[in-house]
Amino acid sequence: MRPEDTRGTGGDGLPVPMAWLYTEYTADELLRTGDLMEPTTLEFRAGRDALALTIFLSDLLGDAPLSRALSEARVDELRLLTAYGVTWRSWVCERLAESERRAGPGDPDLALARAAWRWLEETELLAADLDAIVPAPWEPVAGGTLEGEGEVQVWTPAWQLGLPLGHLAVHLC
């Protein structure tokens with residue numbers, strides 16, 4: 001998006017990624033309002049980026065310009081897009097590919113969206129292994145004791161942690 005008034009700048013003002021910045025701000029506010037995670041954590045960033053990418057890509061190729069407010073219909077759409085079991089990853093890849101075909105060269109919004117996707121895809125975060133939860137002390141341990149067993153660590157792409165966090169934030173708005 002180029003500035004409307006370029007007088008005094010030679011007409012070649014820097015493109016400002018307003019669409020991406022707006023969706024990132026919206027996602028950040030949803031997560032902060034939900035008070036689900038400390039804003040300084042990588043998990044919060046994963047949730048913010050996953051939610052911002054969802055909002056950005058659903059607005060980018062839609063018929064309407066960027067939504068200024070989250071209407072009830074918009075919230076329902078975001079709930080569906082971020083729901084567990086939905087093929088969100090393939091949806092993001094398809095939408096990014098389509099937006100790259102439509103965008104002009106050097107589109108700053110798309111560059112930030114691609115950077116967010118790259119981070120979500122390439123960064124692995126330590127997730128809780130729900131299968132490795134220790135039974136309560138009064139329950140017998142099957143197959144022996146837990147002494148000597150190491151803690152199971154599960155590393156997962158950031159988007160797999162961020163997407164449910166974003167989904168929950170949308171539910172709480």
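Helices (H or I, at least four residues) and strands (E, at least two) are DSSP runs, numbered from the N terminus. This is a predicted model: local features need pLDDT of at least 70, side-chain atom pairs count only at pLDDT 80 or more, and totals for chains, interfaces and linings use all residues. Residues are numbered from 1 along each chain as its sequence is written, and side-chain values use heavy atoms, with hydrogens and water left out.

**Figure 1. The protein chain has six helices and two strands.** From the N terminus, the order is α-α-α-α-α-β-β-α. The chain holds 173 residues, and 35% of them are buried. Buried means under 20% relative accessible area, exposed over 50%, and partly exposed in between (1.4 Å probe, protein chains only). Among contacts with a separation of 6 or more, 75% join residues 24 or more positions apart. A contact means heavy atoms within 4.5 Å.

**Figure 2. The largest nonpolar core has 34 residues.** Such a core is a set of buried Ala, Val, Leu, Ile, Met, Phe, Trp, Tyr and Cys residues joined through side-chain atoms within 4.5 Å. Leu53, Trp88, Val92, Trp117 and Leu120 touch the most other members. Two or more residues come from each of α1, α2 (42-60), α3, α4 (88-102), α5 (108-122) and α6 (158-172). Helix α2 gives the most, with nine residues. Leaving out residues up to four places away in sequence, Trp88 touches Ala50, Leu53, Thr54, Leu81, Trp117, Leu120, Trp159 and Leu163.

**Figure 3. Helix α3 spans residues 72-82.** Its buried residues are Arg74, Val75, Leu78, Leu81 and Thr82. Seen down the axis of α3, they fall within an arc of 125°, so they line one face of the helix. The arc is that of the directions from the helix axis to the C-beta atoms. On the other side, Glu72, Ala73 and Leu80 are exposed. Arg74 and Glu77 also meet in a salt bridge (2.7 Å, N to O). The term means a side-chain nitrogen of Lys or Arg within 4 Å of a carboxyl oxygen of Asp or Glu. The two residues are three apart in α3, about one helical turn. Arg74 is buried at 6% relative accessible area, whereas Glu77 is partly exposed at 32%.

**Figure 4. Arg45 pairs with Asp49 in a salt bridge.** Their closest N and O atoms are 3.5 Å apart. Both residues sit in helix α2, four residues and about one helical turn apart. Arg45 is partly exposed, at 31% relative accessibility. Asp49 is buried, at 3%.

**Figure 5. Arg114 and Glu100 meet in a salt bridge.** The N to O distance is 3.3 Å. This pair links distant parts of the chain: Arg114 lies in α5 and Glu100 in α4, 14 residues apart. Both are partly exposed, Arg114 at 31% relative accessible area and Glu100 at 40%. Elsewhere, salt bridges that share partners join Glu24, Arg45, Arg48 and Asp49 into one network. The count of salt bridges comes to 10.

**Figure 6. Val16, Met18, Leu21 and Leu112 form a nonpolar surface patch.** Together they have about 290 Å² of accessible area, by the Shrake-Rupley method with a 1.4 Å probe; for residues, only the protein chains shown count as cover. Patches are made of residues with over 30% relative accessible area and no salt bridge; like charges are joined within 9 Å, nonpolar side chains (Val, Leu, Ile, Met, Phe, Trp, Tyr) within 5 Å. Leu21 belongs to helix α1 (residues 18-34). This leucine is partly exposed, at 38% relative accessible area.
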